[in-house]
Amino acid sequence: KQTLYPSSGRTQVQSDDVVGTVSWPTTQTAAQAHDASDATFDHALITSDGSDTTVGSVGVTYALDTCTYAGVVDKVRVRVRAKETGCASADIKSYFAASERGTYQMLGSASAAWYEFDFAVNPVTSAAWTAAVINAITDWGWWAELISPDEFVDINAYAYEYEVLVYGTDA
């Protein structure tokens with residue numbers, strides 16, 4: 001197994017259909033995205049405009065460390081430690097190769113928890129993973145869909161840690 005961490009290229013992403021205003025009051029560096037600290041995090045805030053239920057999808061992507069796994073890759077697991085506040089509904093999934101990937105999981109609000117997304121094959125091509133394919137993807141990250149309980153509530157997503165695990169049969 002090889003664990004890949006963000007190395008550079010932090011980019012904020014958001015959907016085109018946001019109701020409200022997106023801001024990032026707190027951001028972290030690629031190094032802080034795997035420092036196991038609750039003091040460093042990405043904070044996406046969607047501020048209510050008072051006209052309708054606040055809603056939107058936001059996320060962050062990174063370039064990763066170079067994958068050097070030499071064996072057959074059995075699966076890739078994307079992991080993010082995150083939480084939400086202020087939402088009536090919030091879901092999170094992985095994001096890479098310019099699109100959201102995997103199945104949404106309900107994002108909790110009590111404290112940050114790990115969310116995992118497994119991919120036995122590359123969902124872009126349905127072909128097996130290789131180190132070269134993993135390295136060619138330059139935008140690994142997370143994507144959260146947030147909905148407020150009414151038009152007067154601001155909603156938040158927080159991401160504390162991010163990693164991609166490459167699993168295979170070790171020689």
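This note sets out, in numbered points, the main features of the structure shown above.

1. Basis of the model. The model is predicted; local features need pLDDT of at least 70, side-chain atom pairs count only at pLDDT 80 or more, and totals for chains, interfaces and linings use all residues. Residues are numbered from 1 along each chain as its sequence is written, and side-chain values use heavy atoms, with hydrogens and water left out.

2. Confidence. The predictor's confidence in each residue is given as pLDDT, on a scale from 0 to 100. The chain has a mean pLDDT of 94, and 99% of its residues reach 70 or more. Confidence in the chain is lowest in S2, with a mean of 91, and highest in S9, at 98. Strand labels such as these follow DSSP runs numbered from the N terminus (helices: H or I, at least four residues; strands: E, at least two).

3. The open sheet. Five strands make up an open sheet with antiparallel pairing, in the order S2-S5-S10-S7-S8. Strand S2 (6-14) and strand S8 (99-106) are at the edges with a single partner strand each, so one side of each has no neighbour in the sheet. On average, neighbouring strands of this sheet are turned by 20° against each other, direction ignored; the axes are lines fitted to C-alpha atoms, for helices over the stretch in contact, and angles run from 0 to 180 degrees between N-to-C directions. Strands count as paired if DSSP finds at least two bridges between them. Six bridges join S2 to strand S5 (residues 55-64) in the antiparallel sense; serine 8, for example, has alanine 63 in S5 as its bridge partner.

4. Strand S4 and its partners. S4 is antiparallel to S3, with four bridges between them, and threonine 21 has threonine 47 in S4 as its bridge partner. Five of the six residues of S4 are buried, so the strand is largely enclosed by the rest of the structure. Buried stands for under 20% relative accessible area, exposed for over 50%, and partly exposed for values in between (1.4 Å probe, protein chains only).

5. Salt bridges. A salt bridge is counted when a side-chain nitrogen of Lys or Arg lies within 4 Å of a carboxyl oxygen of Asp or Glu. By this rule there are nine salt bridges. One of them joins aspartate 38 to arginine 81, with the closest N and O atoms 2.5 Å apart. This pair links distant parts of the chain: aspartate 38 is in the loop between strand S3 (21-26) and strand S4 (42-47), and arginine 81 is in strand S6 (residues 73-85), 43 residues apart. Arginine 81 is buried, at a relative accessible area of 10%.

6. Arginine 79 forms a salt bridge with glutamate 116, where the closest N and O atoms are 2.5 Å apart. Arginine 79 is in strand S6 and glutamate 116 in strand S9 (residues 113-119), so the pair ties together parts that are 37 residues apart in sequence. Arginine 79 is buried, with a relative accessible area of 15%, while glutamate 116 is partly exposed at 32% relative accessibility. Arginine 79 also meets glutamate 163 in a salt bridge (2.6 Å, N to O). In this case the link runs from strand S6 to strand S11 (residues 155-168), across 84 residues. Glutamate 163 counts as buried, at 11% relative accessibility. A network of salt bridges links Lys75, Arg77, Arg79, Glu116, Asp118 and Glu163.

7. Nonpolar core. The term denotes a set of buried Ala, Val, Leu, Ile, Met, Phe, Trp, Tyr and Cys residues joined through side-chain atoms within 4.5 Å. The largest such core has 41 residues, of which Val80, Trp129, Trp140, Trp142, Leu146 and Tyr162 touch the most other members. S11 supplies the largest share of this core, with six residues.

8. Zero disulfides are found in a search of the whole structure, a disulfide being a pair of cysteine sulfur atoms within 2.5 Å. Cysteine 67 is buried at 4% relative accessibility, and cysteine 87 is buried with a relative accessible area of 15%. Valine 72, in the loop between S5 and S6, is exposed at 60% relative accessibility. Valine 72 and tryptophan 129 are 57 residues apart in sequence and 8.1 Å apart in space, C-alpha to C-alpha.
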